[in-house]
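Work through the two exercises below with the structure in view, and try each task before you read its solution.

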Amino acid sequence: MINRLKGTFAMFYKYRFLLQNLIQRDIKVKYRRSTLGILWSVLNPLMMMCVLTLVFSFAFRSNIENYPVYLLSGQLLFTYFTESTSMAMESVIGYAPLIKKVYVPKYIFPLEKSCFAFVNMLFSLVALVLIVIITGAPFHLSFLGVFIPLF
């Protein structure tokens, strides 16, 4: 079991440059023609949070303390998991021409899509930090628990 894990991590280490280049390429492709660029990764969750906060705070009278922080933290994690799993499922088919030409472990591509979604989520965490500062929500060490499901 331990030797198998060592072999897997050795393979990740061997292909780390490919993984890094694929992630960088995906980031460049995603934001290439965008005028807002990476700023959109911050603005999109902020706008969704504003709309949902208005609906659930005023229309449905939600009494959850620091509701915008609560909503945005759950929304960011949900978006990360849905984005990473949907892109990872399609990645092997998308990279089929490369897989047929050169030997590359097939699990590198789902890992790359998952890492790309993680980088996107890190950009979106800026929105969460802004909301925590704007709303004056107290900082607790439990906020660091957001990274537990990610790893």
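The exercises that follow treat a pair of helices and then a pocket.

The model is a predicted one, in which local features need pLDDT of at least 70 and side-chain atom pairs count only at pLDDT 80 or more, while totals for chains, interfaces and linings use all residues. Residues are numbered from 1 along each chain as its sequence is written, and side-chain values use heavy atoms, with hydrogens and water left out.

**Exercise 1.** Describe how α4 and α6 pack.

Step 1: Find helix α4 at residues 67–94 and helix α6 at residues 108–135; helices here are DSSP runs (H or I, at least four residues), numbered from the N terminus.

Step 2: The two helices pack at an angle of about 170°, with their axes 8 Å apart, where axes are lines fitted to C-alpha atoms over the stretch in contact and angles run from 0 to 180 degrees between N-to-C directions.

Step 3: That angle makes α4 roughly antiparallel to α6, a term for angles over 145 degrees.

**Exercise 2.** State the volume of the largest pocket and which residues are closest to its centre.

Step 1: The volume is about 350 Å³, meaning the space filled by probe spheres set on the grid points, which are joined across faces, edges and corners. A pocket is an open set of points on a 1 Å grid over the protein atoms alone, where a 1.4 Å probe fits, with protein on both sides within 12 Å along at least five of seven lines; lining residues have an atom within 4 Å of a point.

Step 2: Of the 17 lining residues, L128, V132, F139, F143 and V146 are the closest to the centre of the largest pocket.

Step 3: The largest share of this lining, 5 residues, comes from α6, and α4 and α6 each supply at least two residues.

Definitions and conventions
Parallel < 35°, antiparallel > 145°, perpendicular 65-115°, else oblique.
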